Amino acid sequence: MTTETLADTRHVLSITDGTGDTRIMWDPKNKDEVATAKAAFDAAKAKGMLAYSVDDEGGRTGEVIQEFNKKAGKIIMVRQPQGG
Amino acid sequence: MATVWPTSADDRVWSLWASGTTSTTTTSLVWNNWIGTSTVTNSTNTTYLTTADTIWGLWQTGPITPAPYRTPEEIQADADAAQARREEDSRRRLAAQQVRAQAEERATELLHALLTEEEMRYYLEHDEIQVRSQHGNLYVIEKRGVHGNIRQVDEHGCRLGRICVAPKMYDEERRVLPVQDGWIGQYLMLKHDEDLIIGRGNWSQRAECKHPNVPILERAAA
């Protein structure tokens, strides 16, 4: 697992937090990296966070996801919305 | 005959002033308390007094504990310690500001990476984010906090309403998320999870299109 800038790899999980976001990158062929990314995804989901799989090049396409998908290019996790 | 033992100078003087005025109490009794006698007796009470100096002293300063003597070296050491604390506070504040700036920079980078070219153009031109939602509605995320900063607009840009809804802005370590993370959440939800965010939001400033008869030029041009 590495934590680098977004442009360095295609598969990245960004979990928004007080540091901006925690980024976890993985190579789909690397089982350890996939397992680490999946564990982070599952932990964030367990806290109630929402996950969106989005287009690598921007937000043209995207969808809500419930399960970690190692083939997803970019996953962004955000906190539950609250009405003000 | 009752005997009143003074509990404090305040109590004694107050009781004489406020409630000790029996038929035989005179102003001289109050005066005596001020100037001090050892005992004052009337038909109701015998009141034991301390001296005027004691009463005055209690009112003015209370018990006096003399300050311990401190050498010039000790005084200087205290001043140095206070200065060191101030410097440490400044360093801590500066470090927190740097961490915050880095978090905002990181969140801004993530936000920019999300926007399409068209959205980025609008963003740079208007300093707000225009989003075509999952169900085809048009929203604008205003860059001013995350409370009440989303407005629904029509194709003319007329405001149809304002929504107050945002992701929780604290993480598990009770750190405040950068505001850009709030906009990211709003953007993603409007784009891919519209029912959820609209369902949780509170609406205000509902309005109708002000130019219903004006043709939509962008659509005509397309």
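**Entry 1: the sheet of chain A**

I began with strand β1 (residues 12–17) of chain A, which pairs in the parallel sense with strand β5 (residues 74–78) of chain A over 4 bridges. I took strands (E, at least two residues) and helices (H or I, at least four residues) as DSSP runs, numbered from the N terminus, and I called two strands paired if DSSP finds at least two bridges between them. Within this pair, A:Leu13 stands opposite A:Ile75 in β5(A).

I recorded that the model is predicted: local features need pLDDT of at least 70, side-chain atom pairs count only at pLDDT 80 or more, and totals for chains, interfaces and linings use all residues. Residues are numbered from 1 along each chain as its sequence is written, chains are lettered from A and ligands numbered from 1 in the order in which they are written, and side-chain values use heavy atoms, with hydrogens and water left out.

I then traced the open sheet of 5 strands in chain A; its order is β2-β1-β5-β3-β4, and its pairing is mixed. Its edge strands, β2 (20–25) and β4 (62–65), each pair on one side only. From one strand to the next, the twist averages 25 degrees.

I asked which strands of chain A α4(B) lies across.

**Entry 2: the extent of the interface**

I noted that 35 residues of chain B and 32 residues of chain A take part in the contact (heavy atoms within 4.5 Å). The area buried between the chains is about 2,800 Å², and carbon and sulfur atoms give 57% of it. Buried area is the accessible area (1.4 Å probe) that two parts lose on being put together, summed over both. In chain B, B:Arg106, B:Leu110 and B:His192 lose the most area to chain A, together 22% of what that side buries.

**Entry 3: salt bridges**

How many salt bridges does the rule find across the interface of chain B and chain A? I found 4 (a side-chain nitrogen of Lys or Arg within 4 Å of a carboxyl oxygen of Asp or Glu). B:Glu109 forms a salt bridge with A:Arg23, and their closest N and O atoms are 3.5 Å apart.

Terms used:
Axes are lines fitted to C-alpha atoms, for helices over the stretch in contact, and angles run from 0 to 180 degrees between N-to-C directions.
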